[in-house]
Amino acid sequence: MVHLIINGKVAQAEEGEMLLTVIRRQGIEIPALCHHEAVEPFGACRLCTVEITKEEWNGWKNHVTSCLYPVESNLIVNTHSPTVIELRKTLIDLLLARCPNSLKIRQLAEEYGITKTSYEEIPDADNCILCGLCTRICDQMGFDAISTVDRGHGKRVAPPFDEAPPDCVGCLACALNCPTNVIEFTDEGNYRTIWKKQFELITCAKCGKKTITKEFAEVLSESRNIPMSYFEICDECHRKELAQAMGGICSWSREAVS
Amino acid sequence: MKSRFVVTPNLCTGCRTCELACSFAHAIDGKLGKSRITVLNGGMKDLWIPVVCLQCDDPACVKSCLVDALRRNPETGAVELNQEKCVKCMACVAACPFGCSLFDEQHDMVVKCDLCGGDPVCAHFCPSEALSLKPITENQPHRQQMPTSAPSTVK
Amino acid sequence: MRVQTPQDLQNLRRQCLAEQEKFPKRVLVCCGPGCLANGAAKIVEEFRRLLKKKRIKDFSVKALKETGCHGLCQQGPLVVIEPRGIFYTKVKVKHVEEIIERSIRNDEIVTDLLYTDPKTNRTIESYADIDFYSRQHRIALRNLGKISQYSIRDYITRDGYQALAKALTIMTPDQVIEEVTTSGLRGRGGAGFSTGRKWATCRKAEEQPHYVICNGDEGDPGAFMDRAIMEGDPHSVLEGMIICAFAVGSQDGYIYVREEYPLAVQNLQLAVDQANEYGFLGENILGTNFSFNIKISRGGGAFVCGESSALMKSVAGQVGEPRAKYVRSVLKGLFDKPTVLNNVESFANVPVVISEGGKQFATVGTSKSTGTKAFSLVGKVCNTGLIEVPMGTTLREIIYDIGGGIHNDRPFKAVQTGGPSGGCLPESKLDLPVDFDTLTEAGSMMGSGGMIVLDDHTCVVDLAKYFLSFLVEESCGKCIPCREGLYQLHRLAVNISEGTATEEDLEKMEKLSEMIVIGSLCGLGKSGPNPFLSTIRYFRDEYLAHIRDKHCPAGVCRELIRYEVIPEKCDGCMACISTCVVEAITGKKGEPHIIDQDKCDKCGACYAVCNRDAIKVI
């Protein structure tokens, strides 16, 4: 058990926990755009930066990203110090120059009192904030279909050689977890298209509802030993099937009793 | 003294109070959550079956989750979904053979029954005890087969 | 010829020395980066060709050596005749025959090729008597220019691998670490972390295996110290690494060489192969139960891969992006295992530390920065080249006594040290001693050793703009402060150089810089604003001139300058007219020319070509 002070109040933490987890447990909200519990912390957006100090540091302060900083005994943490606030404002201001049309960034900017960027807007920018969540989640799931390419200001997320990624199964985890909804996909008829790749959607054998892609189901079935037949019926029809099956037994036992 | 969640379909009147209770208990910011329990017709007049997660011994949902967001809670025996880890890929929704992993459109998240952490709200409100929380002794198993050779609905 | 015991090594050394004694006269052709670019390879070829043809008594082609950087690149191509140390400068292929006939066959000197001291106007025969050399203290560069860069046997004649033998046979790993700690050796890559402490931490780390990596990424523009050492004296690096591996308990080492140094890779690989052959690498080195192997790992052309955590990812085959180092790489480094990463120059110092002992090593330099430092002294200085001086030597001594002062006697403006992460220091700071801490306090840093001298024709705004554009290009792009912040900082610097910025912009840049420093993930970002911060600190007026007066005092920023002909000085030679690609200059032969300001694109070619001093920059 580790004891530390966050915004003036004592907090308890387990050894090895990151500051951000403990801060959130205290009910304190700080933005952390590149953070997701499904993947390792990344430290790319820097928005979760907090000010830390210790009594024996004689007034010296450090600024660290709380998502990656392990808790320490007697650490004194300030999540909203003037420097931290100014840093967050600067980061959001810079993001606005890159993604002026992103609803999410504009909402964040409003929270911090910024309406327009004070910098030069990047020509031809999309709303990608390069948090890396899409690629990291794709890696975590074992597909590794997309990654970041190029370096510095030209950095972007792309499939290999900007072509349809061979390893993508169309699970949509990348698109659905993008903080600024940049990744496009379409579900039309029997098909799903994402990253210029087309996938066939499984159609429920009973009701015709579309569920996940065939490719995704096949990978799950093979690698996780789940019978492919499970994927052929949608969840709603599965529930109905279960009700029918149990109904059969109940009516049988009712007959047996009566 | 532990307890276990018991579903006795024969007692179900089809009132669906359980669905209401579950929705209310899982409301977020005033908006009702999707009920994790569904009452469906069993194929005959007046035959109602409460369909809810069976907390399987070998859960397909856990196997299907590639980010390890589904785990069994050792205390309650329930398979819980960690919302913060979930990436909404719908693998568990597609994989569960009983359809008990659901997508809540209102809140844009995948949900499943977690026995409310040990004190299920649906059992609390069920007027006919079709859903109940029965105490068991330490040696009694978490789940039990029906005295017939049919799939278990009693736990 | 495997060396199995220390006695074997002594025998081998005697053998190598005896070989050398057979041909006492040696011709050393400098094949360092500068001389190579200046045609040294052709000179070597010519020497070989002619030496084969002629029969010279007591001389063999074996005594012709291609060496590493001798140092005074300004005067290259350099050829040295040992043992007299005759120093021939600006040698061309056509001079080779004369050198062979007069200095090799006979004992004469080709005076035309000697160095002329600009102060006394007299020629100097031996390089040892030239200020540039006599004021240096060469430890890391001790063998450069003295041995063949391809020969392990040459290395052994200069006490090569003696330190390794001492460490392996009469010292324990802990004693080695203690010696390095006593020496006060601090990382020569720029961070200046205590080498001894780093090794000690790795040694204690429980997780296995341990790795040793040499950082040969040297990305700073203008720096070539590490390149010279890797190409010219690769064995010194290997010896340092092997001693380190013994001390920290490692069996596998890597040398990470930047992609742009193919010669360094070649020479290092040759050295590794030779070391393996002779038994200094591989299994049971020198008959002990210590084994160590070195692999060469090439970079992909990214400055950011000089950063330790990015480097380690690159070695592991992943994208070179740094990570937050709240858990240090000495504990979780390559493949997440304890790793010692040291710079090329640091490793080159290690054999000397072990041979002469830490206490002796610490007698050179200052108390907090012991030893020496290699610098690539470049820019507007007379003697550009590779130097090594004791820590604590002042900037003035380096630039004026060794560097020979400013080229063309122009006024000194500033010296840029530490590469893009460093900064500019003005004349008032020339008496500062160069070490790890003093320059940092003044707003710059010693860094890895790049030292660029600037005169009054350098615009600091333009300089800051250049370094910022370099950093924007080289940023890995992972974190917002560096990727977006430096980009915007650069854009604002461009605006200043084009005369479209306001004073508020200057304030904005200062605030943004502060946030970039605080918020960035790694050293590249954290020190990214330095080119701006150090120049605005000492040259604020120059920035204000660009902003308020739309004027570039140094005459560099294109949008703010004009080129004009001075009619009184122009004799109508038409040299500028023929040079001007946009045909902006008109005038008849013999009459003063005129530059049409509307057509002129400020390229400066006319200014460069006019040797009547008849064109001015306003």
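Chain A has a radius of gyration of 24 Å, whereas a compact globule of 258 residues would have one near 18 Å; the radius is taken over C-alpha atoms, and the globule rule is 2.2 Å times the number of residues to the power 0.38. The C-alpha trace of chain A spans about 80 × 55 × 35 Å along its principal axes. The model is a predicted one, in which local features need pLDDT of at least 70 and side-chain atom pairs count only at pLDDT 80 or more, while totals for chains, interfaces and linings use all residues. Residues are numbered from 1 along each chain as its sequence is written, chains are lettered from A and ligands numbered from 1 in the order in which they are written, and side-chain values use heavy atoms, with hydrogens and water left out.

A look inside chain A comes next. Chain A has 7 helices and 11 strands, helices (H or I, at least four residues) and strands (E, at least two) being DSSP runs numbered from the N terminus. Chain A is divided into domain 1 (2-80) and domain 2 (133-240), with bounds that come from an automatic or database domain assignment. The centres of these two domains, taken over C-alpha atoms, are separated by 34 Å. Contact, meaning heavy atoms within 4.5 Å, links 9 residues of domain 1 of chain A with 6 residues of domain 2 of chain A. Together the two domains bury about 580 Å², 62% of it on carbon and sulfur atoms; buried area is the accessible area (1.4 Å probe) that two parts lose on being put together, summed over both. On the side of domain 1 of chain A, the residues that lose the most area to domain 2 are A:Leu33, A:His36 and A:Val39, which together account for 63% of what that side buries. Between domain 1 and domain 2 of chain A the count is 0 salt bridges, a salt bridge being a side-chain nitrogen of Lys or Arg within 4 Å of a carboxyl oxygen of Asp or Glu. The rule does find 3 residue pairs in polar contact across this domain interface (both at pLDDT 80 or more). A polar contact is a pair of N or O atoms within 3.5 Å; within protein, one must be able to donate a hydrogen and the other to accept it, and residues adjacent in sequence count only if both atoms are side-chain atoms.

No contact joins chain B and chain C, whose closest C-alpha atoms lie 22 Å apart.

The contact between chains A and B takes 42 residues from chain B and 35 residues from chain A. About 3300 Å² is buried between chain B and chain A, and carbon and sulfur atoms give 68% of this area. In chain B, the residues losing the most area to chain A are B:Leu66, B:Val87 and B:Ala94, together 19% of what that side buries. Across this interface the rule finds 0 salt bridges, and the count of residue pairs in polar contact is 5 (both at pLDDT 80 or more). Elements of chain B that each supply at least two residues of the side touching chain A include strand E2 (38-41), helix H2 (60-64) and helix H3 (91-95). The residues of that side divide into 27 nonpolar, 10 polar and 5 charged; Ala, Val, Leu, Ile, Met, Phe, Trp, Tyr, Cys and Pro count as nonpolar, Asp, Glu, Lys and Arg as charged, and the others, Gly among them, as polar.

Turning to chain C, 30 of its residues are in contact with 32 residues of chain A. Chain C and chain A bury about 2800 Å² between them, with 58% of it on carbon and sulfur atoms. The rule finds 17 residue pairs in polar contact across the interface of chain C and chain A (both at pLDDT 80 or more). Helix H18 (460-474), helix H19 (480-497) and helix H20 (503-519) of chain C are the elements that give two or more residues to the side touching chain A. The largest share of that side, 9 residues, comes from H19(C). By class, the residues of that side divide into 13 nonpolar, 8 polar and 9 charged.

Side chains of opposite charge can pair when their charged atoms come close. Across the interface of chain C and chain A the rule finds 5 salt bridges, and over all chains the count comes to 50. C:Glu484 forms a salt bridge with A:Arg98, with the closest N and O atoms 2.8 Å apart. C:Glu484 lies in helix H19 of chain C and A:Arg98 in helix H2 (residues 82-98) of chain A, so this pair joins two chains. A:Arg151 and C:Glu473 also meet through their side chains in a salt bridge (3.9 Å, N to O).
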